[in-house]
2 protein chains.
Amino acid sequence: MWDVAEELKAMLVFAEHRYYGESLPFGNDSFKDSRYLNYLTSEQALADFAVLIKYLKRTIPGAKNQPVIALGGSYGGMLAAWFRMKYPHMVVGALAASAPIWHFGNLVPCGVFMKIVTEDFRKSGPNCSETIHNSWGAITRLARTGSGLHWLSEALHLCTPLRNSQDVQHLKGWISETWINLAMVDYPYESNFLQPLPAWPIKVVCKYLNNPSLSDAQLLENIFQALNIYYNYSGQARCLNISETTTSNLGTQGWSYQACTEMVMPFCTNGIDDMFEPRSWNFREYSDDCFKQWGVRPRPTWITTVYGGRNISSHSNIVFSNGELDPWSGGGVTKDITDTLVAITIPEGAHHLDLRARNAFDPTTVLLARSLEVRHMKQWIRDFYASQRKKH
Amino acid sequence: MWDVAEELKAMLVFAEHRYYGESLPFGNDSFKDSRYLNYLTSEQALADFAVLIKYLKRTIPGAKNQPVIALGGSYGGMLAAWFRMKYPHMVVGALAASAPIWHFGNLVPCGVFMKIVTEDFRKSGPNCSETIHNSWGAITRLARTGSGLHWLSEALHLCTPLRNSQDVQHLKGWISETWINLAMVDYPYESNFLQPLPAWPIKVVCKYLNNPSLSDAQLLENIFQALNIYYNYSGQARCLNISETTTSNLGTQGWSYQACTEMVMPFCTNGIDDMFEPRSWNFREYSDDCFKQWGVRPRPTWITTVYGGRNISSHSNIVFSNGELDPWSGGGVTKDITDTLVAITIPEGAHHLDLRARNAFDPTTVLLARSLEVRHMKQWIRDFYASQRKKH
């Protein structure tokens with residue numbers, strides 16, 4: 001974005017979503033009670049962006065009649081696309097990078113996400129996904145005895161030892177999330193998005209995961225080496241803390257509430273098309289967890305009702321970009337819908353790689369994607385000025 | 001609509017706006033406290049319509065893949081247009097009859113409404129608007145003394161006698177609103193929308209208002225005769241009640257709250273371009289009144305922010321129809337915006353005449369308007385089926 005802003009002589013504005021970062025409508029009480037959380041919705045966020053753009057146009061000299069483009073990645077990419085859909089008078093177009101706008105309801109199979117995660121590991125080293133597939137059973141078997149639990153805690157260098165089967169379930173979830181995160185940030189160069197990581201981190205991880213036929217203990221020792229790449233690339237960590245998976249504060253509280261109201265994304269695994277333990281999508285359980293945590297129940301059909309699901313062809317000027325390595329691409333728009341609702345896929349891209357700063361190790365495919373994106377932006381701007389001229 | 005539904009083999013659904021009629025989210029408490037009123041917004045109404053359409057499509061046999069068209073008049077017309085703008089995946093098009101979607105902010109001059117009211121009276125009889133113009137001074141002069149107040153109350157057959165200048169202000173407002181209502185329902189045949197009325201009621205009223213140069217008392221006696229047409233066409237009223245202007249319950253409470261939050265429509269008069277006493281648009285006073293009545297303050301720029309103001313050209317498939325006699329046409333879309341955002345004007349039409357049932361006295365212009373409207377609807381339906389075929 002920084003690179004493109006210069007080329008387009010644009011001002012970059014980063015709008016902070018309310019309830020994230022420092023934008024807390026009720027200060028420190030914002031998350032204390034569900035009645036303070038009523039204003040945490042995607043619709044409210046879009047409305048805030050609209051008011052912000054109006055304000056900026058009114059107050060910044062020279063901004064008044066300038067075209068605006070919405071950009072975002074991930075949830076921000078969904079917001080960018082939805083903003084163009086709902087406020088087309090505010091932005092001439094939107095770049096929705098890695099925006100899984102179809103990961104709702106039954107628009108895509110619930111297993112698509114974990115299937116892509118698995119595929120990333122399968123392609124990154126011999127036997128890699130198979131080794132992970134086998135690790136769950138190894139954990140289960142080792143965890144059957146007290147000494148096994150103790151051994152596991154030691155072998156994985158856990159900060160807090162495992163005590164019971166609930167802890168083991170938690171451990172498995174934490175390891176799964178680690179593989180998911182690695183799939184999202186499988187970038188071609190050293191980076192620090194969720195954690196500081198080497199280039200192509202899955203390849204590095206997979207070096208330790210090339211033998212699925214070892215003993216349970218040997219297999220878990222290799223899993224530790226792999227996890228250590230993710231959690232301890234800097235070499236500073238003395239133990240692994242299974243209560244967190246990312247270093248940076250990405251607003252997990254806010255997202256947890258949103259996932260429990262509007263943003264209901266069904267996930268599942270079957271252990272056949274993916275390397276995880278089978279787990280079906282259980283809305284009732286999901287809803288009960290939400291009620292326990294936030295005192296609210298999710299509305300699973302609302303997002304497709306308000307944003308149109310797959311029926312979005314009457315909108316215009318949105319570029320949906322997706323990296324094929326990115327598990328979120330499974331819920332994204334990866335085929336052109338119309339001439340002005342276009343999909344750009346980046347075969348060697350992970351989660352919104354295209355939005356990252358230029359890098360010497362950028363694969364050609366992301367360079368091409370970015371240049372296509374800029375071409376669309378320039379077209380939107382030209383169209384905007386042409387229609388302005390017609391008016392006067 | 002009934003006539004057209006038959007022609008298009010359509011099902012007619014009347015969706016009741018929440019907080020109107022029997023749709024009271026908090027029962028009898030719905031209007032008791034402003035915290036019960038948070039769900040009374042146009043956005044919420046649109047969301048309700050979306051959920052309703054989804055529900056109907058799911059539950060009514062054969063409805064699933066049928067195209068839907070939004071229709072509405074007045075505020076309902078605004079909602080129809082906005083619904084197509086915000087939920088284009090839900091309806092193939094919208095007929096927005098007499099929808100003043102531009103009567104917000106400074107999109108149109110605040111005097112346009114009363115100018116059209118005046119024009120209706122000017123055209124409906126010699127000296128008619130001039131007589132009304134002169135009546136305000138006559139009332140003011142008569143109201144200066146106690147005996148004048150008494151005389152006025154008797155001459156106008158008021159149910160409650162006037163006591164002070166505040167009552168006189170109220171009387172003037174009530175008379176003004178009567179002329180406004182007459183302009184809205186100046187239909188070519190007997191009707192009963194706001195009140196039971198003769199055909200072309202302004203012409204009938206104007207028969208009593210043809211001499212602006214009479215004495216104050218004589219002029220007011222004629223004003224009474226004119227008012228009597230509106231309030232006592234049936235001959236049943238024993239006195240005129242200046243606390244109400246319509247017989248039917250049009251949801252004045254709900255609208256009052258909406259006008260005090262989102263739906264801020266600026267009105268003004270100058271006594272030159274119109275037949276009323278000059279009154280400028282005073283937002284501060286308006287806001288203070290809202291705060292007194294509802295404990296809320298209006299957000300005058302929100303409607304143009306959320307619905308785009310005049311910048312709506314990226315939308316499609318909306319017919320905006322307006323009667324030229326209708327004062328609301330001043331805030332309506334009366335010129336084509338694009339090929340699919342079209343304006344239909346009905347020179348002899350009052351407030352959404354086109355939505356009324358067929359009548360032997362319908363002017364040719366409304367017949368033409370209706371046939372154009374149906375032609376657009378048929379095109380939307382054809383386009384819908386064509387795009388369905390393409391998908392499969």
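How many residues does the contact take from chain B and from chain A? The contact takes 21 residues from each of chain B and chain A, where contact means heavy atoms within 4.5 Å.

This is a predicted model, in which local features need pLDDT of at least 70 and side-chain atom pairs count only at pLDDT 80 or more, while totals for chains, interfaces and linings use all residues. Residues are numbered from 1 along each chain as its sequence is written, chains are lettered from A and ligands numbered from 1 in the order in which they are written, and side-chain values use heavy atoms, with hydrogens and water left out.

**View 1. Chain B laid on chain A by a rotation.** A turn of 180° with a shift of 0.0 Å along the axis places chain B on chain A at an RMSD of 0.0 Å. The two copies are thus related as by a two-fold rotation axis. The superposition is by least squares on the C-alpha atoms of residues with pLDDT of at least 70 in both copies. K86(B) is the residue of chain B that comes closest to the rotation axis, with its C-alpha at 2.9 Å.

**View 2. The interface of chain B and chain A.** About 1,600 Å² is buried between the chains, 52% of it from carbon and sulfur atoms; buried area is the accessible area (1.4 Å probe) that two parts lose on being put together, summed over both. In chain B, K86(B), H89(B) and T305(B) lose the most area to chain A, together 33% of what that side buries. The elements giving two or more residues to this side of chain B are α2 (42–59), α3 (75–86) and α12 (302–307); helices are DSSP runs (H or I, at least four residues) and strands are E runs of at least two, numbered from the N terminus. α12(B) gives the most, with five residues. Of the interface residues of chain B, 100% are also interface residues in chain A, so the copies meet through the same surface.

View 3. Residues up to four places away in sequence aside, H89(A) touches T304(B), T305(B), V306(B), Y307(B), G308(B) and N311(B). The side chain of H89(A) reaches the backbone oxygen of T305(B) at 2.7 Å and the backbone nitrogen of G308(B) at 3.4 Å.

**View 4. The disulfide of C128(A) and C206(A).** The S to S distance is 2.0 Å; a disulfide is a pair of cysteine sulfur atoms within 2.5 Å. The torsion about the S-S bond is about -80°, so the disulfide is left-handed. C128(A) is in helix α5 (residues 128–142) and C206(A) in helix α8 (residues 201–206) of chain A, 78 residues apart. Over all chains, a search of the whole structure finds eight disulfides.

Notes: A polar contact is a pair of N or O atoms within 3.5 Å; within protein, one must be able to donate a hydrogen and the other to accept it, and residues adjacent in sequence count only if both atoms are side-chain atoms.
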